[in-house]
2 protein chains.
Amino acid sequence: MRIKCTVSYDGSGFSGYQRQPGLRTVQGEIEEALMKIHKGERIKITASGRTDVGVHAVGQVFHFDTSLKIPMEKWPIALNTLLPQDISIQNAELADQDFHARFSAKKKEYRYRLYRSFQRDVFRRHYAYHFPNPLNIETIRTASRFIIGTHDFTSFCSSKTETENKVRTIYEADIWEEGDEITFRFVGSGFLYNMVRILVGTLIEVGEGKRKPEEIKQIIAAKDRSRAGKTVSGCGLYLWKVYYDN
Amino acid sequence: MRIKCTVSYDGSGFSGYQRQPGLRTVQGEIEEALMKIHKGERIKITASGRTDVGVHAVGQVFHFDTSLKIPMEKWPIALNTLLPQDISIQNAELADQDFHARFSAKKKEYRYRLYRSFQRDVFRRHYAYHFPNPLNIETIRTASRFIIGTHDFTSFCSSKTETENKVRTIYEADIWEEGDEITFRFVGSGFLYNMVRILVGTLIEVGEGKRKPEEIKQIIAAKDRSRAGKTVSGCGLYLWKVYYDN
């Protein structure tokens with residue numbers, strides 16, 4: 001029986017999503033809880049993708065296989081009772097046997113939160129990036145339009161990226177202000193390592209007036225990481241939603 | 001020279017405000033930063049009052065005396081550079097020599113945040129109280145009106161309270177909903193130990209239908225802690241503002 005779970009986690013206390021020996025990770029904690037439910041049997045979970053140190057998830061998705069006959073609505077309760085307070089299973093549903101959290105994913109949505117108060121805000125220090133300097137939202141919006149479409153995003157991923165094919169499609173890029181916050185929202189076919197953080201870092205430089213919006217086209221064409229902007233802090237980044245068929 | 005500072009802190013990482021040997025406290029961290037600025041000289045700070053373990057502050061106020069000639073606008077920067085990320089000095093101003101953060105305070109404002117989503121929210125676990133059960137806001141509002149005024153609040157403070165005089169004046173009590181959150185706001189002449197948390201705990205029982213709004217009058221009259229409701233978690237509590245003359 002294959003189960004699809006939606007999980008949210010506060011990334012600030014984890015060494016990222018992926019299981020690593022001796023480190024506190026999201027996968028490690030969930031697999032430990034599943035092992036307890038399965039009386040010591042090791043259950044492997046497969047997520048839609050990794051998230052980095054300090055990066056949060058509102059709607060990460062993973063699947064696992066089980067032979068336990070627990071009613072589907074009891075799975076979140078059973079897991080949440082065993083999980084630490086910074087991970088919360090939001091939903092569990094029966095999935096087809098060929099459902100795969102990573103390979104069946106059609107689109108992903110990431111959001112990035114930035115706040116602009118003059119003094120840093122103790123309550124948002126793990127949840128949004130503090131950027132008190134002036135920013136022109138309109139030029140950021142103009143620049144964001146050049147990101148939309150199917151492009152080779154070599155310039156916008158960490159030079160450590162091992163994935164061969166760096167072509168991705170960005171379907172949506174929205175930027176909005178709310179109070180002293182700016183939210184960046186990206187929906188795409190997939191995202192490369194550090195891609196959202198470099199996109200936001202580059203858009204911020206446009207908003208500061210250090211780059212022209214049109215430069216985005218040249219940066220994409222260059223296929224050269226050094227042409228794009230800085231990688232902003234992971235603390236403002238949220239894996240917001242993973243989209244599947246149906 | 002007496003300096004008045006406004007400070008915000010995230011209470012979740014502290015054993016409360018008040019300095020205690022061997023424990024991480026807000027007062028301890030600020031006094032350590034001040035000692036560094038004063039080249040090893042111990043500087044004592046005096047706050048408007050203590051806050052408990054896990055309780056937050058948006059606008060706590062403290063004062064201290066110094067002979068250093070640092071321009072007033074540099075004080076927050078100098079302190080914030082030395083302070084940990086969960087304390088942030090918002091403002092510093094020159095105060096009269098007879099200003100006293102505690103004795104000069106005229107009113108205090110506390111807020112309490114509660115959230116109602118079915119599943120717990122990892123991002124609010126330290127910042128709001130999770131209460132998913134149905135609540136009737138209107139009966140809570142009706143009950144809150146009986147709190148306003150000058151009363152002996154013996155029933156609404158911890159039985160460990162050492163203060164003799166338990167008469168306080170509540171000037172304002174507001175309750176509002178925003179999304180899945182309910183905020184309780186109290187402005188009063190002063191608050192006894194655990195007073196806001198017991199007030200909120202009792203109002204919640206009214207909202208659940210376990211008590212009638214009018215019971216508040218009898219609970220106050222009884223001057224008996226056991227007559228009031230539970231002390232809710234400190235994580236939803238914020239010392240929001242301290243009011244002084246001028």
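Colleague: How many residue pairs are in polar contact between domain 1 of chain A and domain 2 of chain A?

Modeller: This is a predicted model, and the pairs counted here have both residues at pLDDT 80 or more. On the side of domain 1 of chain A that touches domain 2 of chain A, there are four nonpolar, eight polar and three charged residues. Between the two domains, the count of residue pairs in polar contact is 10.

Colleague: Which residue forms a salt bridge with A:D52?

Modeller: Between domain 1 of chain A and domain 2 of chain A the count is one salt bridge. A salt bridge requires a side-chain nitrogen of Lys or Arg within 4 Å of a carboxyl oxygen of Asp or Glu, and here the closest N and O atoms are 3.7 Å apart. The partner of A:D52 is A:R197.

Colleague: What area is buried between chain B and chain A?

Modeller: The contact draws 23 residues from chain B and 23 residues from chain A, and carbon and sulfur atoms give 52% of the buried area. On the chain B side, B:Q119, B:R120 and B:F123 supply 38% of what that chain buries against chain A, more than any other three residues. The area buried between the two chains is about 1,900 Å².

Colleague: Which element gives the largest share of the side of chain B that touches chain A?

Modeller: Several elements of chain B each supply at least two residues of that side, namely β1 (2-9), β3 (56-65), α2 (75-82) and β4 (87-95). The largest share is four residues, and the element that supplies them is β4(B).

Terms used
Residues are numbered from 1 along each chain as its sequence is written. Chains are lettered from A and ligands numbered from 1 in the order in which they are written. This is a predicted model: local features need pLDDT of at least 70, side-chain atom pairs count only at pLDDT 80 or more; totals for chains, interfaces and linings use all residues. Side-chain values use heavy atoms; hydrogens and water are left out. A polar contact is a pair of N or O atoms within 3.5 Å; within protein, one must be able to donate a hydrogen and the other to accept it, and residues adjacent in sequence count only if both atoms are side-chain atoms. Ala, Val, Leu, Ile, Met, Phe, Trp, Tyr, Cys and Pro count as nonpolar, Asp, Glu, Lys and Arg as charged, and the others, Gly among them, as polar. Contact means heavy atoms within 4.5 Å. Buried area is the accessible area (1.4 Å probe) that two parts lose on being put together, summed over both.
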